[in-house]
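Open the model in your viewer and keep the selection tool at hand. The tour goes stop by stop: what to select, then what is there.

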Amino acid sequence: MASKANKTESDTFSEFMTDTLVLEKPDGRVFPGIKANVSAKMILIPDVRLPVEAGDRLTRTLPNGITDTFLVDDPGFHEQFGDITAHFQVKVHKERAAPPVQRNALRLLRAIYDETRDQSRPVDDVTELKTGLTAEESRAAWRYLRDKGLIQTFNLDYAARINGPGVDAIENAQNHPNQPTSGFPSVTYNNVYNTVHVGTMVGSSVQQAGDRAMQEQIVAFSSPEKRSELERLVAELTIHLGELNIDAREKQKAEAQIATLKAQLTDDEPDPVILQQAGRTLRNITEGAIASLVATAVQPAVWHSIGQLMAALFPK
C-alpha cells in the first residue's frame, strides 16, 4: 500500500468515491459496481469509459437495504484539468416514490403475475403469497388492483388471477421503468433520502468521532460564510503566491489548484469533493512555506490568516 507521501492525485480523488452504484440503460444494459460520490443533485463518477447519458438510471443500495434511485439529467463530462482527472459530474434528480398503496399493489400484482400467468388456477388468498406485505397490506393492495381492473376476482374475497390489463401493466413497468404505467403514476418504490442535522449529541446511537470511529470531515461550501471565506483565500493566494519559497514546479502545481478553486466558484453549486481535493493539495504544497514565512515575520498577519483559512476549509 502506498504511503501518504507517495499517493498520486488520482489516488486522493479515488478516496472520495465511497458510494457504489449500478447504471441501468433504457435498452436493458446494466453496469454494476460503479465507484462514485453521491450528493443531493450531483453524482461524481471518475470512470469516464461508462456510457452515461440523459435518461439513464443510477441506483445505490444503502446499508439498511433501501434503494436510492436517481435519473440522469445531464452526464456532465469534464476533461482533465491540472491534477484533476477527467470525470463525470452527473446532474440527477431523485425518482419520486409511489404512495404506499400503489407501491404495495405493484408488488402484489407482480406476485399474482408470476403465480398465475401460465396456469388457469387462481390464487386462493393473496395474503399467502410471499410478497413481504402484511395480511392487511395485501388485502388493501388486492382492493386497489380490483378497483383498477388489473386482476380477475372471484366470489371468494382475496382470490385473484392476472388478467390482460394486469399483464400489460407489469410488462410495461418492466420495459419502461422510468415511465408511469396503467394504474400506477409511478412504479418506483423504496426511495428514501435521509439527512440528520445534529447540534449537541450525548448518549446517542448516532456515532460521533472517537478513538475507534473512522470518519472524514468534508466542509460544505453552500453557505454564504464558507463561500466568502473560500473566495477570500483564493484572492489572497493569487496576490501573494509569488512570495512563497517553493520551486517552479510546486508553484505551477499550486497555481493549477487555485485555478480549479476559481472555476468551481463560478458555479452556483460548487462540487465539495473537487474543492476538497484541490484545497488539500494546495495546503500540502504551501503549508511548510507558509509556516516559514510566519516564523520569520515576513508579513506574518497575511500568512497567518491564509494558513488559518486553509486549515479550516480543508481539514486533513
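In which strand does Arg60 lie? Select strand E4, residues 57-61: Arg60 lies there. Helices (H or I, at least four residues) and strands (E, at least two) are DSSP runs, numbered from the N terminus.

Before going further, some ground rules. This is a predicted model, in which local features need pLDDT of at least 70 and side-chain atom pairs count only at pLDDT 80 or more, while totals for chains, interfaces and linings use all residues. Residues are numbered from 1 along each chain as its sequence is written, and side-chain values use heavy atoms, with hydrogens and water left out.

**Whole chain**

Show the cartoon. The protein has eight helices and nine strands. Now colour by burial. Of the 316 residues, 39% are buried. Buried means under 20% relative accessible area, exposed over 50%, and partly exposed in between (1.4 Å probe, protein chains only). Then turn to contacts, meaning heavy atoms within 4.5 Å. Among those between residues at least 6 apart in sequence, 60% join residues at least 24 apart.

**Stop 1: Asp19 and Arg60**

Go back to Arg60. Its relative accessible area is 11%, so Arg60 is buried. Display side chains. The side chain of Arg60 makes a polar contact with the side chain of Asp19, at 3.0 Å. A polar contact is a pair of N or O atoms within 3.5 Å; within protein, one must be able to donate a hydrogen and the other to accept it, and residues adjacent in sequence count only if both atoms are side-chain atoms.

Select Asp19 next. Asp19 is in strand E1, residues 19-24. With a relative accessible area of 16%, Asp19 is buried too. The Asp19 side chain also reaches the backbone nitrogen of Val38, at 2.9 Å. Not counting residues up to four places away in sequence, Asp19 touches Ile34, Lys35, Ala36, Asn37, Val38 and Arg60.

**Stop 2: aromatic pairs**

How many aromatic pairs does the structure hold? There are two. Rings of Phe, Tyr and Trp (its six-membered ring) pair if their centres lie within 6.5 Å; planes under 30 degrees apart count as stacked, over 60 as edge-to-face and the rest as tilted.

Select Phe77 and Phe88. Their rings are edge-to-face, 5.8 Å centre to centre with 65° between the planes. Phe77 is in strand E6 (residues 77-78) and Phe88 in strand E7 (residues 87-94), so the two are eleven residues apart and the pair links distant parts of the chain. Phe77 is partly exposed at 42% relative accessibility. Phe88 is buried, at 6%.

Now select Trp142 and Tyr158. The ring centres are 4.9 Å apart and the planes stand at 65°, so this pair is edge-to-face. Trp142 is in helix H3 (residues 135-147), whereas Tyr158 is in the loop between strand E8 (151-152) and strand E9 (161-162). The pair ties together parts 16 residues apart in sequence. Trp142 is buried, at 2% relative accessibility.

**Stop 3: helix H2**

Select Gln102, in helix H2 (residues 100-116). Gln102 is buried, at 13% relative accessibility.

**Stop 4: helix H5 and the cores**

Select residues 224-240. This is helix H5, with 17 residues, reaching 24 Å from first C-alpha to last. Buried in H5 are Arg227, Leu230, Leu233, Val234, Leu237 and His240. Lys226, also in H5, is partly exposed at 26% relative accessibility.

Which residues have the most contacts inside the largest nonpolar core? They are Leu230, Leu233, Leu237, Leu244, Leu261 and Met310, in a core of 24 residues. A nonpolar core is a set of buried Ala, Val, Leu, Ile, Met, Phe, Trp, Tyr and Cys residues joined through side-chain atoms within 4.5 Å. H5, helix H6 (248-265), helix H7 (272-295) and helix H8 (300-313) each supply at least two residues. H7 gives the most, with seven.

Finish on Leu244. Not counting residues up to four places away in sequence, Leu244 touches Thr286, Ala289, Ile290, Leu293 and Trp303. Then select the second, separate core: 22 residues, including Ala141, Ala160, Ile162 and Ala169.

Definitions and conventions
Expected span 1.5 Å × (residues − 1).
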